[in-house]
Structure formats: C-alpha cells, structure tokens
Amino acid sequence: MVKLIKALSAIRCELQDMNIKKSGKNQHAGFSYYELGDILPAINKLEQKYESCSTIRFNEGFATLTFFNGDNFIDIATCNTADAMTKRKDGGNAVLPIQAEGSMQTYIRRYLYMMGYGVVENDWVDCLSNEQEELQCADKRKKLYAIAGVKGYNKTKVEAMSEKKYGERLPYVTDEQYAEMYEGFKKLPDKQ
C-alpha cells in the first residue's frame, strides 16, 4: 500500500507542475474548464511511469475511481461520487438516451480523475450553480464596461485589452484579473 500512496502523491505533484491548459470553454457562463482529454493523457503517462493504474466503474447510481498498485493489483485506493448517475435534464436539446448517458459518464470520469489526482480549477464553475450567481458573473462585466466607458474605453477596446494582457476574452478571465482591470481603470482620469 505504501508504494501506491507514494505513486499517487508523486503523480499529483507532477500533474500540478505540468500547467495543463484548459481547452473547454463555457460560452454561456464565461469560464474555462478541463476537458477529460486535457488531463487523461498526462495521467496515463504518469501512471505508467509510477507503475500504477486506475479504472472507473459505474454501479447502482454511483461511480468509483479505483487506483491499483501495478506490482500486485491487491493494494487499492478509491474515490467515489455520491449519486453520480442522477438523470440530468437535457434542457430541451434533442439527444438520444445513449448520447445523454455517454456525456454524463464523461463528465463524471473527468470529475473523478480531478478529485483523485488533486487537479483543481478556479472558482468560475461556481457561476453555474444558480441563476443568481450567474447574474453576478455577468454583473462583473457590466461594472467593468461601465468604469471603462467613463474613462473613454468602449467594450471592444476593453475586450482587446483583456485578450492582450491575459490571453483570454473577458468572460474567461479570473475574478482577480477582473479586479485588476477594474482597479486599473479606476486610476485613469475620466474622459472629458
């Protein structure tokens, strides 16, 4: 079991040092996130390097990520989701049941790997939790556009500045980057 714990610890540290880029973008709520394809190739290579492996099983409404010691497959560690297989509302999208099931399993796999290997995302995911929070995220942009407008910058210029400085359009910058831009505009003289 000690070898497995050491392998998991080493994999987590190396994953953190890889600075894996997020390729997923939620256009509606304005945040970036890790796709399964962003993290899984790195995890597979590190598991091979540290002679361990992991599998995911879906069973009775729950999903379990199991880590194995590659030497004996007896030493294991697990991560579980609570009620992972609750059926989602498809929001009126025309999808086949197998498509809905496949997307749900991919989503769960991504979260299990992120949980199991300590992959973190910033708090922008919180914008999706309810309508009120979603509106708060949109309000940040409105406030930024408002202060920028007083200083003589239109939305197009603000977007261009965000992209140049942070490499991201406004909906995708972090809370800290919004605050930095807002404070920067506050320091500028008002447009005459």
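Colleague: Which residues in α1 meet which residues in α2?

Modeller: Ile 11, Glu 14 and Leu 15 of α1 touch Ala 42, Ile 43, Leu 46, Glu 47 and Lys 49 of α2, contact being heavy atoms within 4.5 Å. Please keep in mind that this is a predicted model, where local features need pLDDT of at least 70 and side-chain atom pairs count only at pLDDT 80 or more, while totals for chains, interfaces and linings use all residues. Residues are numbered from 1 along each chain as its sequence is written, and side-chain values use heavy atoms, with hydrogens and water left out.

Colleague: Why are α1 and α2 called oblique to each other?

Modeller: The axes of α1 (residues 2-17) and α2 (residues 36-49) come within 10 Å and cross at roughly 140°. Under 35 degrees is roughly parallel, over 145 roughly antiparallel, 65 to 115 roughly perpendicular, and the rest oblique. The two helices are therefore oblique. Their crossing is right-handed, the near helix being turned clockwise from the far one by less than a right angle.

Colleague: What angle do α5 and α6 make?

Modeller: α5 and α6 (residues 175-187) pack at about 125°, with axes 12 Å apart. That angle makes α5 oblique to α6. This crossing is right-handed too. Val 158, Met 161, Ser 162, Lys 165 and Tyr 166 in α5 meet Gln 177, Glu 180, Met 181 and Phe 185 in α6. By class, the contact has five nonpolar, two polar and two charged residues.

Colleague: What makes Ser 162 count as buried?

Modeller: Ser 162 lies in helix α5 (residues 155-166). Buried means under 20% relative accessible area, exposed over 50%, and partly exposed in between, with a 1.4 Å probe and protein chains only. Ser 162 has 0% relative accessibility and therefore counts as buried. Beyond residues up to four places away in sequence, Ser 162 touches Gly 167, Glu 168, Arg 169, Leu 170, Val 173 and Met 181.

Colleague: And why does Ser 9 count as partly exposed?

Modeller: Ser 9 sits in helix α1. Its relative accessibility is 40%, so Ser 9 counts as partly exposed.

Colleague: Which residues have the most contacts inside the largest nonpolar core?

Modeller: They are Leu 15, Phe 67, Tyr 113 and Tyr 117, in a core of 24 residues. A nonpolar core is a set of buried Ala, Val, Leu, Ile, Met, Phe, Trp, Tyr and Cys residues joined through side-chain atoms within 4.5 Å. Two or more residues come from each of α1, α2, β4 (62-69), β5 (76-80) and α3 (97-116). The largest share, six residues, is from α2.

Colleague: What does Tyr 117 contact?

Modeller: Setting aside neighbours within four places in sequence, Tyr 117 contacts Leu 8, Ile 11, Arg 12, Leu 15, Ile 43, Glu 47, Ser 54 and Phe 67. A second, separate core of 11 residues includes Leu 144, Tyr 145, Ile 147 and Ala 148.

Colleague: How many helices and strands does the chain have?

Modeller: It has six helices and five strands, taken as DSSP runs numbered from the N terminus, with helices being H or I of at least four residues and strands E of at least two.

Notes. Axes fitted to C-alpha atoms, helices over the stretch in contact; angles between N-to-C directions. Nonpolar A, V, L, I, M, F, W, Y, C, P; charged D, E, K, R; others polar.
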